[in-house]
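This briefing is for a reader who has not seen the structure before. Please look over the sequence and the model first.

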Amino acid sequence: MRKMVLSVMSLAVLAMAGCGPSTSSQTENGAAGASSSAAAAAGSVSGTISVRGTIQPSPNAQLVINLVDVSPSAAGSPPLASKTVASGATFPYSFQLDFKPGDIKTNDVYVVKAILTDGARHYSMPMQAPVLTGGNKNQATIELVAEQTPAEKDLADFNALIKQIGGMKVSSGTKLDPNASRGWQVFRQNGETKVIRELVDYGDKGFTSTDFAYRNGAPWVAVQQKKANKDAKPSSTDRASWTENGMVVLHEQQTGDKTGDLNSDEANSLRQQAASIYNMAGGNKKK
């Protein structure tokens with residue numbers, strides 16, 4: 001009889017233990033739903049935006065903050081709230097976006113998107129900032145990261161290409177002009193000219209060493225060092241890049257430790273030089 005009582009008690013304990021997780025789950029779901037409802041009822045989202053790293057935006061940068069429904073059913077719909085700071089935003093930047101609580105759908109997904117542009121530079125969000133529904137609050141902490149500008153990307157890709165020319169097929173040529181002595185090396189990959197390295201000796205008027213890079217037969221990047229003579233240190237370095245239709249992307253001139261803009265005439269001159277040596281060296285002809 002005693003054994004039977006113990007067995008019944010043991011079954012009761014097991015039955016109660018089996019019910020425990022279900023009660024806890026219901027409580028958590030209820031808390032999440034209440035949190036989302038409270039956040040939506042507040043009628044606003046707020047938070048801070050910071051910029052990671054050493055490349056900080058200038059006072060002229062433009063910041064746009066949007067509250068967006070990113071649910072598939074809401075694709076293409078306008079932001080529920082938006083704020084634009086045309087210039088002068090200081091970081092960390094505190095924001096608040098007000099919206100109509102009735103516009104919020106409990107089952108949709110909402111995020112705060114920060115769009116920061118500073119001239120040619122864009123700043124991106126490595127992580128989304130969900131708010132309001134799905135257990136999320138009406139607050140967001142956003143961190144932005146600087147992306148490469150198109151000019152910086154061209155230069156980085158060019159430098160990576162230059163490191164690879166040792167494994168390419170190389171040919172060379174020379175030409176004596178009335179006012180200069182010219183020599184070059186052509187680096188080809190699968191018959192396509194990737195880089196031409198040109199050395200031009202102008203006698204007492206100086207010396208230039210230039211790496212021209214090409215894409216699909218069109219000038220892409222040029223980096224030219226100007227010197228007093230072949231063995232002298234560069235007095236200046238000009239860097240330029242272009243799109244395939246000739247639009248200037250990179251336009252930089254370095255003199256000593258100072259870097260400034262390369263004017264359009266000098267950038268155009270480099271492109272003409274790139275086209276000229278390309279034709280002189282035989283273009284994409286296999287040699």
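The points below cover strand pairing, an aromatic pair and selected side-chain contacts.

The model is predicted. Strand 13, residues 218-227, is mostly covered, with 8 of its 10 residues buried. Strand 13 pairs with strand 12 through 9 bridges and with strand 14 through 6 bridges.

- Strand 12 and strand 13 run antiparallel, and they form a hairpin with 2 residues between them.
- Asparagine 216, in the turn of this hairpin, has a positive phi of about 55 degrees.
- Tyrosine 214 has proline 219 of strand 13 as its bridge partner.
- Strand 14 covers residues 236-242 and runs antiparallel to strand 13.
- Serine 241 in strand 14 stands opposite valine 221.

**The aromatic pair**

- The model has 1 aromatic pair.
- The pair is formed by tyrosine 214 and tyrosine 278, whose ring centres are 4.9 Å apart.
- Tyrosine 214 belongs to strand 12 (residues 207-215) and tyrosine 278 to helix 3 (residues 264-280), so the pair ties together parts 64 residues apart in sequence.
- Tyrosine 214 is buried, because its relative accessible area of 2% is under the 20% cut-off.
- Tyrosine 278 also counts as buried, at 12% relative accessibility.

**Around tryptophan 220**

- The charged end of arginine 215 sits over the ring of tryptophan 220, at 3.8 Å from the ring centre.
- The side chain of tryptophan 220 is also joined to the side chain of aspartate 154 by a polar contact of 3.3 Å.

**Aspartate 154**

- Aspartate 154 is part of helix 2, which spans residues 150-162.
- Its relative accessible area is 11%, so aspartate 154 is buried.
- Beyond its neighbours within four places in sequence, aspartate 154 is in contact with Trp220, Val221, Ser241 and Val249.
- Two of these contacts, Val221 and Ser241, are the residues that stand opposite each other.
- Aspartate 154 and tryptophan 242 are 88 residues apart along the chain, and their C-alpha atoms are separated by 8.8 Å.

**Threonine 193**

- Threonine 193 lies in strand 11, residues 192-201.
- At 1% relative accessibility, threonine 193 is buried.
- A polar contact of 3.4 Å links the side chain of threonine 193 to that of arginine 188.

Notes: Residues are numbered from 1 along each chain as its sequence is written. This is a predicted model: local features need pLDDT of at least 70, side-chain atom pairs count only at pLDDT 80 or more; totals for chains, interfaces and linings use all residues. Side-chain values use heavy atoms; hydrogens and water are left out. Rings of Phe, Tyr and Trp (its six-membered ring) pair if their centres lie within 6.5 Å; planes under 30 degrees apart count as stacked, over 60 as edge-to-face and the rest as tilted. Helices (H or I, at least four residues) and strands (E, at least two) are DSSP runs, numbered from the N terminus. Buried means under 20% relative accessible area, exposed over 50%, partly exposed in between (1.4 Å probe, protein chains only). A charge sits over a ring if NZ of Lys or CZ of Arg is within 6 Å of the ring centre and within 35 degrees of the ring normal. Contact means heavy atoms within 4.5 Å. A polar contact is a pair of N or O atoms within 3.5 Å; within protein, one must be able to donate a hydrogen and the other to accept it, and residues adjacent in sequence count only if both atoms are side-chain atoms. Two strands pair if DSSP finds at least two bridges between them.
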